[in-house]
Amino acid sequence: MPLKRSLNLVQRLLPEASRGDVVLAYHLVGAGTGAVVDLPVREFERQLDLLTERFHLCTLKDLLAAPAAPQPRAVLTFDDAYANFVEVVLPILERRRIPSVLYVPIGFVQGTAKAPLTGAALPACTFADLRAAASAGVEIGSHGVNHLNLRRASDAALTEELRRSREVLEQELGRAVPSFCYPQAKVDARVERATAVHYESAVAAGGRRHLGGRPHRIPRFPVRRDEARFEPMIRSRLWLTEALASEVRQWRR
Ligand SMILES: [Zn+2]
């Protein structure tokens, strides 16, 4: 590859790759549902060991506030506000002083939340749970009102899902809720534009491996009960970071 083209490529990749940041999407831990997104406690703890060893763990707000950091950063996000979060996940995170983000569909609060894939009704957080979590440092984000596929929602329904969920959460928590999570990971250009009117950032599921420059289309790595997949993902990001940094160092000599 001619040097100029290589330089262009690296210049394009480096702002993202040099960070090696990752946002992880979790659902349940030790809830006994059998769902692939319900991780055994031991597996979750092993992931936390690996993450704390290699990453600086922070909230999404911290990640977005500083576009670059000396160490790769990881953000742990949890979807759907199951009571499982306050009963199982939060005590583990608090013991290890690990920050996290919880995305709440306000229509589930005080009632039940549908288990991923199986659709079984699981107990959801109450507003008191959410207030306690927020006081413990958990960043609370909105996951809409009714967990709808927003791509299929009318313009009016879309606006209402975005606006009302933020309003209710901010009223109940007494703090700002600047971040959104697309329900069912469904997003397109129209949904993204509308979301940008109401929120400073929004996360999706899956997507490209690097955090792009689009604050309303932040990709996340969906964590499944599959140990074989988690570690290579973590390693591959660091590998890319290190490989590119060493390339650049060589060219600068
Ligand atoms: Zn969800």
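This is a predicted model: local features need pLDDT of at least 70, side-chain atom pairs count only at pLDDT 80 or more; totals for chains, interfaces and linings use all residues.
View 1. Residues are numbered from 1 along each chain as its sequence is written, and side-chain values use heavy atoms, leaving out hydrogens and water. Helices (H or I, at least four residues) and strands (E, at least two) are DSSP runs, numbered from the N terminus.

**View 2. One face of α5.** In this helix (residues 127–135), F127, L130, A133 and A134 are buried. They fall within an arc of 120° seen down the axis, so they line one face of α5; the arc is taken from the directions from the helix axis to the C-beta atoms. Just after α5, look for G137, with a positive phi of about 100°.

**View 3. The zinc site.** D80 (OD), H143 (NE2) and H147 (NE2) are the protein donors of the zinc ion, at 2.1 to 2.2 Å. Donors here are N, O and S atoms within 2.8 Å of the metal (3.2 Å for Na, K and Ca); water is not among the atoms, so sites may look incomplete. D80 sits in the loop between β5 (73–79) and α4 (83–95), and H143, 63 residues apart from it, in the loop between β9 (139–142) and α6 (155–173). Both D80 and H143 are buried.

Key
Buried means under 20% relative accessible area, exposed over 50%, partly exposed in between (1.4 Å probe, protein chains only).
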